[in-house]
Amino acid sequence: MLAIPAFGLAVLSPHIAEAQGSLYLSSLGLTPSGSSSVGSDSWLAADFVTGSNAGGYLLNSVQLGLAYASGNPNGFKTMLYTEVGAAAPFPGTSLGTLDGSLNPAIGGIYIYSPDSDLALSPNTAYFIVLTAGTAVANGAYGWSFTSTHAPTLSGGWHGDDAFLSSSDGLNWHFNSAYAQFGISATDVPEPSMLGLLALGGLLLVWLRQKAKAL
């Protein structure tokens, strides 16, 4: 009988650890080579591709490497988009706005997170999209970029195949640099693993009830 709760704990423990998320992709440790302006008339976008975990992922956070702002911008916005196109990929549909600083005027690393579960499919491309509430002529935020791709840390993720700019968020153009960002996410167990988790939980409950009855 002792093997049953041990089995339940063995199944549950790895996923308790995974709930904290993993940093799958980051170029934040690279030396910046410049920055691009973010404003209402200067949207920026950078893509990344998720890893091969069959159950997909839950997005924990996006970390942005930002430069010092110029002028007096406001209304900074970070969004996650799907990708459309194959030979020339562009942002498609918005999946939502991420929560974080609305005025990241001082250069540094800023963290933006979804306010509810945001699922990412495996082996799928997405775009981080930035804009602001003011035109660049009145002030702009800066997204730092590097001259090399973001290194993959684990799980088969990769990013920075495209760094794009747009005046309206619709018509996109390619830049030659690579935006600085990081992605943290949590593996989602496969459906079969979820069944094992449920079974392990039921066995633990049954054992506790039986122990109380003795």
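The largest nonpolar core of this predicted model comprises 33 residues, and those with the most contacts inside it are F48, L64, L120, I128, W143, F181 and I183. A nonpolar core is here a set of buried Ala, Val, Leu, Ile, Met, Phe, Trp, Tyr and Cys residues joined through side-chain atoms within 4.5 Å; buried denotes under 20% relative accessible area, exposed over 50%, and partly exposed the range in between (1.4 Å probe, protein chains only). Two or more residues of this core are given by each of β1 (22-26), β3 (43-49), β4 (57-71), β7 (108-112), β9 (125-131), β10 (139-146) and β14 (181-187). Strands are DSSP runs (E, at least two residues) numbered from the N terminus, as are helices (H or I, at least four). The largest share of the core, 5 residues, comes from β4. Apart from it lies another core, of 9 residues, which includes W43, A162, L164 and W172. In soluble globular proteins, nonpolar side chains tend to be buried together.

The model is a prediction in which local features require pLDDT of at least 70 and side-chain atom pairs count only at pLDDT 80 or more, whereas totals for chains, interfaces and linings use all residues. Residues are numbered from 1 along each chain as its sequence is written, and side-chain values use heavy atoms, with hydrogens and water left out.

Strand β14 is mostly covered, 6 of its 7 residues being buried. It is joined to β1 by 4 bridges in an antiparallel arrangement, and an antiparallel pairing with β4 extends over 7 bridges; strands are taken to pair if DSSP finds at least two bridges between them. A185 of β14 is the bridge partner of S22 and also stands opposite L59. Contacts (heavy atoms within 4.5 Å) of I183, leaving aside neighbours within four places in sequence, are made with S22, L23, Y24, L25, F48, L59, S61, V62, Q63, I128 and W157.

Aromatic pairs number 10 in the structure. Rings of Phe, Tyr and Trp (its six-membered ring) pair if their centres lie within 6.5 Å; planes under 30 degrees apart count as stacked, over 60 as edge-to-face and the rest as tilted. The rings of F76 and Y112 form a tilted pair, with centres 5.8 Å apart and planes at 45°. This pair links the loop between β4 and β5 (77-84), where F76 lies, to Y112 in strand β7, 36 residues apart. F76 is buried at a relative accessible area of 2%, and Y112 is buried at 1%. F76 also forms an edge-to-face pair with Y141, at 5.1 Å centre to centre and 75° between the planes. Y141 belongs to strand β10 and is separated from F76 by 65 residues; Y141 too is buried, at 2%. A cluster linked by ring pairs contains Y24, F48, Y57, Y126 and W157.

T131, in strand β9, is buried with a relative accessible area of 6%. Its side chain makes a polar contact with that of W43 at 3.4 Å, and a polar atom of the T131 side chain lies 3.2 Å from the backbone oxygen of G39. A polar contact is a pair of N or O atoms within 3.5 Å; within protein, one must be able to donate a hydrogen and the other to accept it, and residues adjacent in sequence count only if both atoms are side-chain atoms.

G156, by contrast, is exposed, with a relative accessible area of 52%, and is placed in the loop between β10 and β11 (158-166). Not counting residues up to four places away in sequence, G156 touches T50 and G51.

Key: Contact means heavy atoms within 4.5 Å.
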